[in-house]
Amino acid sequence: MCVAFAGLVRKASLMLLVTMMFLVVAVEHGAAQGTVPPFPSQSGPENTLGDQSDSDIWRAIRQGGGGLPGSSEVTDGVLINADGVWWSQLRRPAGPLVRFGSIGIATVLAAIMVFFVARGRLRIDGGRSGRRVARFSLAQRVVHWVMAVVFLLLGFTGLLLLFGRAFLIPIVGKTAFSIIATASMQAHNLFGPIFIVSLVALFITFLRGNSPSFSDLKWVVRGGGMFGGHVSSGRYNAGEKAWFWTATIAGIALSVSGLVLSFPDVLGTHDLLHRAELLHAIAALVFVGFGIGHIYLGTIGTEGAIDGMISGDVDENWARTHHDLWLDDMKATKGGAADGRD
Amino acid sequence: MGVIELLEGSLWTLSVCIFVVFGLWRIFVILTAGRSPTQARPVGSPRGGAVRAIFGHFLPRRAFLGQGRVWFVTIAGYAFHIGLFALLFFAAPHVAFLRDHILGFDWPALPRWGFIIAAQFAFTGLLALWVRRFVDPVVRLISRPDDHIAAGLTFLVMLTGCMALGEQSVTLRGIHLGFVEAWLIYFPFSSLMHTFTWPLSRGFTGALAGRRGTRM
Ligand code: HEM
């Protein structure tokens, strides 16, 4: 009897609280539209909570108890979306996403520095020969550099948005960061669709030569030539192929999640948006991390590599050092014309 | 006076004056330069040649239709120029700015999504064409520092404009306006003048060819 009564009070107080909240919302809404006059302020009846504490009631609401809708969708009239808690924990300035993300990027930078100190610049065996070999077509070069610029713009603005609150606010302050953040967000949103188009173009122009082959295994086992001397490779080595496929898969993940985040009203539900944002951040960190390695190897890390992406051709000794199977194959199939452009 | 007042006030007036005065002066010089007298008897019509060149060059020449790089330049060129035109004259903030600061009247602006898409076309076209200046050996050879400065300034004007899209920050608007003013000041002295001189140069070479009875 007593237990049943307590249950009744509990239910009644929950219903009362919910009704009051809806009334407040309705009044605010009505007042905003100028249709419903605001209530005169008055104190409510006493002891409306019975033997319940505030926290019990809020907990019950949060857990979907007391006959309240269990779904986490805001559209279902849920008062507290408990499902969003994991996300805000994860995304806090001092939360795991920012912590592990920054550790990851710092590790990549440190590894590159260690590699540079240990190995130095990867030189062309025998020096430059002066003979040129055609490697990339004009279309490949244009697509590659458009993608590179878009990547840099999106990378900078995206990292500012992800890490800014944690790392920039202490340095530049909140006002300056708010300006940096809105600028970054606008640029990021505008360049996103250009990234998708560039990704498709990059995939089409660079697919040939990037399928896995048997020689990749040897290349991986020998650490790309770090152990056991020179290791043969075709048009692209296993490291480059890994970059191509990582960029493709992470790029698709970034594109899909980015589209969901760009059109939250049409494409997103609350939960989906959280998951899309998480996927977006993880894919971006992978892309940027691998991308930093790629930029290092494409510029200061490897002598002569950048030539191919600018003028379209490389030194024959560079080709022999890094892509000997490709050079042989090209010379054989193109009758020694040494034109490896697609 | 604060920086933003300066940018919206005297610096804005100064840059527009330089743009107009030196732009008109340059067109005047071109129009009055004349050309060295030709002794040869005309074989065809210079006027016909000029008109043909001015309008015919909007599309690639038939002989080059099979070349991918010609289509690339055509498509990227149109994407950039039409996109830039649309966002210069039909973006709501620009329409309002032109009304308040120059013209006193306005016209219907593009919806926000239309203006964003125009900006995306303009950015992609400009990036592709600018990158080509570095990676195409022939175009690299004929590109001068002026071409890169012109492309770079235009890119920065567009980039700072898109960063100010939130319309929440005076600072961002000021940065954008500062780049617009630098661009206006640089304009009359640079290859950016082709915005106005393209019919003159096409017409001139077209007329020469027409006179000789050949086609450009
Ligand atoms: C931003 C600076 C970048 C630099 C300096 C750079 C540099 C280079 C260089 C020098 C090469 C030629 C390597 C060779 O001849 O084998 C290359 C190849 C390539 N780059 Fe980049 N790159 C950059 C950004 C990017 C980005 C953002 C992507 C795209 C997702 C990308 C995708 C590729 C691909 C697919 C190749 C062909 C080799 C492969 O399949 O891995 N690059 N890059």
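**Ligand shell and chain interface in a predicted model**

By class, the shell around the ligand holds 17 nonpolar, six polar and two charged residues; here Ala, Val, Leu, Ile, Met, Phe, Trp, Tyr, Cys and Pro count as nonpolar, Asp, Glu, Lys and Arg as charged, and the others, Gly among them, as polar. What I present is a predicted model, in which local features need pLDDT of at least 70 and side-chain atom pairs count only at pLDDT 80 or more, while totals for chains, interfaces and linings use all residues. Residues are numbered from 1 along each chain as its sequence is written, chains are lettered from A and ligands numbered from 1 in the order in which they are written, and side-chain values use heavy atoms, with hydrogens and water left out.

Let me stay with the ligand. Of the 25 residues around the ligand, those that come nearest are A:R135, A:H144, A:N210, A:E240 and A:H294; a residue belongs to this group if one of its heavy atoms lies within 4 Å of the molecule. A polar side-chain atom of A:E240 is 2.3 Å from a ligand oxygen atom, and one of A:R135 is 2.7 Å from an oxygen atom of the ligand. For A:H144, an N or O atom in the side chain lies 2.8 Å from a nitrogen atom of the ligand. Two or more residues of the shell are given by each of α5 (138–167), α7 (174–206), α9 (238–262), α11 (270–298) and α12 (305–310) of chain A. The largest share, five residues, comes from α5(A). Helices are DSSP runs (H or I, at least four residues) and strands likewise (E, at least two), numbered from the N terminus.

I turn to the interface. The contact, meaning heavy atoms within 4.5 Å, takes 27 residues from chain B and 20 residues from chain A. Between them the two chains bury about 1900 Å², 80% of it on carbon and sulfur atoms; this is the accessible area (1.4 Å probe) lost on being put together, summed over both parts. On the side of chain B that touches chain A, α4 (68–90), α6 (112–135), α7 (137–142), α8 (145–163) and α9 (170–186) of chain B each give two or more residues. Of these, α6(B) supplies the largest share, 12 residues. By class, that side of chain B has 16 nonpolar, six polar and five charged residues.

Finally, chain B itself: it has 10 helices and zero strands, and its C-alpha trace spans about 65 × 40 × 35 Å along the principal axes.

How values were computed
Polar contact = N/O pair within 3.5 Å; in protein donor to acceptor, adjacent residues only side chain to side chain.
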